[in-house]
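This briefing is meant to be read alongside the sequence and the coordinates. It takes up charged pairs, then strand pairing, then aromatic contacts.

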Amino acid sequence: MKPEFKLASLILWAITLVLLESGCSPKYYVPPQPNIPMLANGGEGKVGTSFSLPQFGVGGLSFDAQLSYSPIKHLGITADGMYFSGGNSTNDYSGNGIVGNVGLGYYAMASEKWGVDIYTGIGKGSIKMNQDSLKFFSSDLTRYYIQPGVFYKNKRFNFGMVFRISYVQYDDMMFYRQADPDDMLYGKSYLFYEPSIYLSVGGNLVKAKFQMTPSFKIDNERDFNRQKLILSFGVDFLIGHHKEK
């Protein structure tokens, strides 16, 4: 099977899962796309933006912005943010949220084109939801994460994979209306395993990218309505990168 056909099959499978996961309940958690810097030398950096498929079932939208930079070799600094909004037509839920993250990490090249890295960081954000155009739920969010990863890069094609562990805490959580049992958020903190695959193609300065991130809850808390898979398409602008072979 040709590599191009394998990639197309993977994307089709992932889109099918997203459509199956798109339900009519409120979504209390939408995982941000991991920031995958793929730095190789001091002075390198990357600025990227991406849009994802619907988050709340109907008419949803998620926007990510990511920044990474290496002030000295082996040290990486990251900053990223996500805004999401949407609603559904069945239960008339609508909502929006925002989260920002900063991180610090270490990277090293195992060969000319293969590298490894590990980043850890913290994020803050908030989420608000309505039902029937009336206030339904609001909360602040705090995220802690660690993400080891591996990457490959050449002149035209970059590939990265990370294995993020996220701890998400809900602060000042409030329900403004009586929620159905299936629409409740019972706990205040959760642990997720969120591996991510990143692909980009283009030149030494600009590359188009695709990213896929499933989210698996791995603690003993009761599960809740959340986005379990994120797909996004966007563009990366490379800063200070040496010309790849």
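In this predicted model, D132 has a relative accessible area of 42% and is therefore partly exposed, since that value lies between the 20% and 50% cut-offs. Its side chain meets that of R177 in a salt bridge, with 3.9 Å from N to O, and R177, at 30% relative accessibility, is partly exposed as well.

**Salt bridges**

- The side chains of R226 and D223 meet at 2.9 Å, N to O, in a salt bridge, in which R226 is buried with a relative accessible area of 6%, whereas D223 is partly exposed at 35%.
- A network of salt bridges links K46, K209 and D236.

**Strand β9 and its partners**

- Strand β9 (residues 206-214) is largely enclosed by the rest of the structure, because seven of its nine residues are buried.
- Strand β8 (residues 189-202) runs antiparallel to β9 and is joined to it by six bridges; the two form a hairpin with three residues between them, and I197 has M212 in β9 as its bridge partner.
- Strand β11 (residues 229-239) is also antiparallel to β9, to which nine bridges join it, and A208 has V235 in β11 as its bridge partner.

**Aromatic contacts**

- The aromatic pairs number 17, and one of them, formed by Y144 and Y167, is tilted, with 6.3 Å between the ring centres and 35 degrees between the planes.
- Y144 in strand β6 (residues 134-153) and Y167 in strand β7 (residues 157-175) are 23 residues apart, so this pair links distant parts of the chain; Y144 is partly exposed at 40% relative accessibility, and Y167 is partly exposed at 32%.
- One aromatic cluster is formed by Y28, Y29, Y93, F136, F137, Y170, F175, Y190, F192 and F224.
- K135 lies over the face of Y176, at 5.2 Å from the ring centre.

Definitions and conventions
Residues are numbered from 1 along each chain as its sequence is written. This is a predicted model: local features need pLDDT of at least 70, side-chain atom pairs count only at pLDDT 80 or more; totals for chains, interfaces and linings use all residues. Side-chain values use heavy atoms; hydrogens and water are left out. Rings of Phe, Tyr and Trp (its six-membered ring) pair if their centres lie within 6.5 Å; planes under 30 degrees apart count as stacked, over 60 as edge-to-face and the rest as tilted. Helices (H or I, at least four residues) and strands (E, at least two) are DSSP runs, numbered from the N terminus. Buried means under 20% relative accessible area, exposed over 50%, partly exposed in between (1.4 Å probe, protein chains only). A charge sits over a ring if NZ of Lys or CZ of Arg is within 6 Å of the ring centre and within 35 degrees of the ring normal. Two strands pair if DSSP finds at least two bridges between them. A salt bridge is a side-chain nitrogen of Lys or Arg within 4 Å of a carboxyl oxygen of Asp or Glu.
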